[in-house]
Amino acid sequence: MSAHLHDLIRAAGAERFEAFVEFLQIDLPHQASPGIRKRRVQSELPEEESARLQTCHELTARCRSVRTDHQKTLEFEVERVTLLASAAGQMAVESLPDELVTAALGADWVDEPDPLLRALMLRLQAPRLFEQAEDAYFVDLNRSRSGYDAFESSTACRALSATDVGELESARQRLAAGCKEALGREGQLQVECFERYHAVDAHEHHQIQSNAATILHWRIFSEGSWRAVWRLLDNEVQRDRLRPVDEFQLLYDVQSGLIEVYADRKEDRLALARVFMQTVLGMPTDDMNAVPKRRYRVESLLKAPGEFKVDAQDDIVDVAVTMLKFRDDGHARNYETYYSHPDSSTRLLERIRNKGKYNAIDRRAAVISGSLCVKYRENTGKHRRLHITFGYPNRCTLKASSNLERTLMEKYLPRWNLIEGSSPSSATDAAHV
């Protein structure tokens with residue numbers, strides 16, 4: 001079993017974890033199999049802590065005794081809960097409207113400090129909201145990759161409000177019919193819609209809810225495709241319906257009119273944007289304007305540590321390049337990748353140049369990907385590390401970071417010459433991320 005299971009048991013406690021297993025319809029034995037050894041707890045711990053850890057180890061052992069197919073189901077569900085307990089997952093949860101979450105979980109959920117318990121309570125008491133938070137998480141994660149496009153809708157198009165339930169249902173039906181025709185998924189495609197807020201405003205939208213931008217999140221998926229996931233359940237091979245297959249996501253900003261479409265193929269993104277503008281917004285596709293994506297200068301990571309200039313008031317302790325991936329021109333499959341720990345005394349550029357006269361830097365191989373580690377000091381005095389990965393031309397993982405970290409890096413990315421179309425002296429960049 002994974003380490004995440006042990007962490008979840010420690011956070012939830014025996015009673016709540018057994019309720020979680022019962023919710024998953026898994027038969028948990030009363031005791032572990034005789035062949036599984038029990039772990040001993042260190043005697044120097046306090047008696048209460050020792051008893052709690054012993055209970056945790058016994059539950060973990062009992063989980064190892066369930067059937068193999070149930071073990072896979074339990075591990076899958078634990079990974080889902082752990083995913084939403086991460087920093088990016090909690091931001092996705094907080095992007096959902098407060099009134100819906102509070103109505104389902106009560107006021108105690110807001111005051112719960114443990115993110116694992118918050119995610120577990122959402123999975124047990126509001127499975128629908130849990131799935132919506134998962135969708136928000138994956139969309140925010142994919143925004144940092146190349147599998148999305150953004151479009152500007154005309155200001156003269158039909159207004160669409162999240163509060164008009166009847167209009168939303170009518171728009172959903174029109175969008176489903178248009179997507180079936182455009183994508184050729186007759187009889188399989190389904191469309192769902194829910195309300196959320198921008199990831200940028202997620203952690204504070206409950207304080208400035210009147211000013212937060214309302215987002216209509218459309219999930220378009222096709223079940224029954226050959227790309228479906230098959231799993232062994234109850235000794236039979238069955239289709240996994242937990243995550244729809246052939247899934248597309250579409251976000252519509254009610255205030256600005258920005259349309260973001262997420263799909264693997266560019267042709268599908270264009271088709272979905274065109275159908276949404278025609279059927280939902282009543283907008284002619286001749287006015288469809290794509291918003292250019294921000295492009296990054298990955299080669300600017302070839303800097304010595306002292307060249308990453310920072311201001312003293314931002315409490316940035318260190319900036320280090322931890323990964324560089326090179327490719328020689330004319331050799332599409334000739335890759336070289338180098339890694340370095342941020343605390344290593346030998347910096348990455350020095351290690352690469354130590355490879356000899358014809359190393360990747362001196363022979364001017366193209367940099368196609370790289371990672372940057374920014375170590376900064378929080379208000380509490382603790383040090384934190386922010387890891388950002390850049391990929392040519394549009395990939396950047398900064399969107400999965402907190403609002404404070406994004407604001408900090410938006411100041412320094414142009415200064416470090418990592419954004420195309422911006423001068424090193426500029427502090428902000430207005431291009432769409």
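Tyr252 sits opposite Ile259 of β7. Those two strands, β6 (residues 248-253) and β7 (residues 258-262), run antiparallel and share four bridges; two strands count as paired if DSSP finds at least two bridges between them. Strands (E, at least two residues) and helices (H or I, at least four) are DSSP runs, numbered from the N terminus.

This is a predicted model, where local features need pLDDT of at least 70 and side-chain atom pairs count only at pLDDT 80 or more, while totals for chains, interfaces and linings use all residues. Residues are numbered from 1 along each chain as its sequence is written, and side-chain values use heavy atoms, with hydrogens and water left out.

Zooming out, β6 and β7 belong to an open, antiparallel sheet of six strands, ordered β2-β3-β6-β7-β1-β8. Since β2 (189-197) and β8 (289-291) are at the edges with a single partner strand each, one side of each has no neighbour in the sheet. From one strand to the next, the twist averages 25°.

There's also an open sheet of five strands, again with antiparallel pairing, in the order β10-β9-β11-β12-β13. Here β10 (335-339) and β13 (395-396) are the edge strands, pairing on one side only. β13 meets β12 (residues 383-391) in the antiparallel sense over two bridges, and Phe390 has Cys396 in β13 as its bridge partner.

| Helix | Lies across | Angle |
|---|---|---|
| α10 (residues 266-279) | β1 (148-152), β3 (214-222), β6, β7 | about 30° to β1 |
| α12 (residues 403-415) | β9 (316-327), β11 (366-377), β12 | about 55° to β12 |

Methods: Axes fitted to C-alpha atoms, helices over the stretch in contact; angles between N-to-C directions. Contact = heavy atoms within 4.5 Å.
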